[in-house]
Amino acid sequence: MKLSTKFNELKGKNEAALLSYVCAGDPDIESTPGIVDALIKGGADIIELGLPFSDPVADGPTIQEASERALKAGMNPDRYFELVASLDVDVPLVCMTYYNLVFQRGLDSFVEDCVNSGISGLIIPDLPAEESEDLAKACANKDIDLIFLISPVTTDERIKMILEKCSGFVYIVSRLGVTGARSDVTDATAQILSRVKTDVPKAVGFGISNGDQASRVVSAGADGVIVGSAFVDIIASGENVNQRLEELAKDIKDGCRTN
């Protein structure tokens with residue numbers, strides 16, 4: 001499913017999207033399908049599946065440790081695409097990874113594997129929009145969305161440039177720093193949302209961990225909320241994982257409903 005299809009569907013319901021991140025292969029490859037199913041059952045509208053990399057520079061300790069567990073469990077690009085292709089889901093799938101893995105596989109080959117496995121979009125945090133022309137061309141040729149990040153310190157000029165290149169949704173970083181669950185949602189979130197003027201859906205990530213925070217972010221103008229570390233913490237605990245993932249997804253999805 002195209003990301004635009006899902007966002008348009010939710011807009012018709014007066015709902016924001018819940019984008020749920022987990023690292024593929026964490027804690028092991030066999031557990032990932034059940035984890036994805038639990039998140040969707042709880043209300044996740046889009047699944048962001050991390051392809052683990054040994055040096056995930058945008059991620060905080062929680063997701064770094066998830067990447068390490070997945071790599072130790074044998075996750076690699078070949079097994080990643082096999083796993084994604086095996087998922088029986090009716091929501092869009094987004095691959096989040098780092099450029100080294102894309103470059104090593106070959107841009108066209110990586111994008112082709114995304115298409116063949118059912119992935120709708122790519123997030124590459126360490127690929128600046130200014131240097132994305134080759135990958136953007138490969139994605140455009142296969143109708144894969146290439147998603148870029150905008151932070152509170154991104155200049156207005158650069159925001160305009162990024163929006164010209166971005167499709168699917170634009171990833172709004174709610175605060176400075178790396179990923180990780182937080183207890184507050186800062187005023188910077190509303191400020192950056194107001195500066196990003198576009199028809200491309202705006203999804204906010206970095207720090208959201210409950211329905212109340214999601215509701216405040218949606219009220220500030222977000223079309224979607226991205227939650228990762230709060231889910232990964234549950235996976236790391238190993239305790240009633242799928243049940244707790246479903247319950248947390250339901251709580252956050254309730255916060256995404258504005259009607």
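**View 1. Ile 150, a buried residue in strand S6.** With a relative accessible area of 0%, Ile 150 is buried. Like every view here, this one comes from a predicted model. Ile 150 sits in strand S6, which covers residues 149-150. Leaving out residues up to four places away in sequence, Ile 150 touches Ile 159, Ile 162, Leu 163, Val 170, Tyr 171, Ile 172, Val 173, Ile 192 and Val 196. If you look for Ile 208 as well, its C-alpha is 16 Å from that of Ile 150, and the two are 58 residues apart in sequence.

**View 2. Glu 48, listed by UniProt under "active site".** The UniProt record, an unreviewed entry, lists Glu 48 and Asp 59 for this feature. Glu 48 belongs to strand S2 (residues 46-50). Is Glu 48 buried or exposed? At 5% relative accessibility, Glu 48 counts as buried. Setting aside neighbours within four places in sequence, the contacts of Glu 48 are Ser 20, Tyr 21, Val 22, Val 94, Met 96, Ile 123, Tyr 171 and Ile 226.

**View 3. Phe 7 and Phe 169, an aromatic pair.** The structure holds 6 aromatic pairs. In the pair of Phe 7 and Phe 169, the ring centres are 6.0 Å apart and the planes make an angle of 55°, a tilted arrangement. Phe 7 is part of helix H1 (residues 3-12), while Phe 169 is in the loop between helix H8 (156-165) and strand S7 (170-173), so this pair ties together parts that are 162 residues apart in sequence. Both Phe 7 and Phe 169 are buried.

**View 4. Tyr 80 and its aromatic neighbours.** Here the rings of Tyr 80 and Phe 81 make an edge-to-face pair, because their planes stand at 85°, with centres 5.4 Å apart. Tyr 80 and Phe 81 are both buried. Together with Phe 110, these two residues form one aromatic cluster. Not counting residues up to four places away in sequence, Tyr 80 touches Ala 24, Leu 49, Gly 50, Leu 51, Met 75, Val 94, Cys 95 and Ile 119. Which residues touch the most other members of the largest nonpolar core? They are Tyr 80, Leu 122, Leu 135 and Phe 169, out of 92 residues in that core. Strand S1 (residues 17-23) gives this core its largest share, 6 residues.

**View 5. Ser 117 in helix H6.** Ser 117 is found in helix H6, which runs over residues 107-117. Its relative accessible area is 8%, and Ser 117 is buried. A polar atom of the Ser 117 side chain lies 2.8 Å from the backbone oxygen of Asp 113. Beyond residues up to four places away in sequence, Ser 117 touches Phe 81, Val 84 and Ala 85.

**View 6. Helix H10 and its buried residues.** In helix H10 (residues 211-219), the buried residues are Gly 211, Gln 213, Ala 214, Val 217 and Val 218. Seen down the axis of H10, they fall within an arc of 155°, so they line one face of the helix. The buried residues of H10 pack against helix H9 (187-195), strand S8 (202-205), strand S9 (224-227) and helix H12 (241-255). At the N-terminal end, Asn 210 caps H10, with a side-chain oxygen 3.1 Å from the backbone nitrogen of Asp 212. After H10 comes Gly 221, which has a positive phi, near 120°.

Conventions
Residues numbered from 1 in each chain as written. Predicted model: local features only at pLDDT ≥ 70, side-chain atom pairs only at ≥ 80, totals over all residues. Heavy atoms only, no water. UniProt positions renumbered as here; feature names shortened; annotations may be inferred. Helix = DSSP H or I, 4+ residues; strand = E, 2+ residues; numbered from the N terminus. Buried < 20%, exposed > 50% of the residue type's maximum accessible area, 1.4 Å probe, protein only. Contact = heavy atoms within 4.5 Å. Phe/Tyr/Trp six-rings, centres within 6.5 Å; stacked < 30°, edge-to-face > 60°. Core = buried A, V, L, I, M, F, W, Y, C linked by side-chain atoms within 4.5 Å. Arc of directions from axis to C-beta. Polar contact = N/O pair within 3.5 Å; in protein donor to acceptor, adjacent residues only side chain to side chain.
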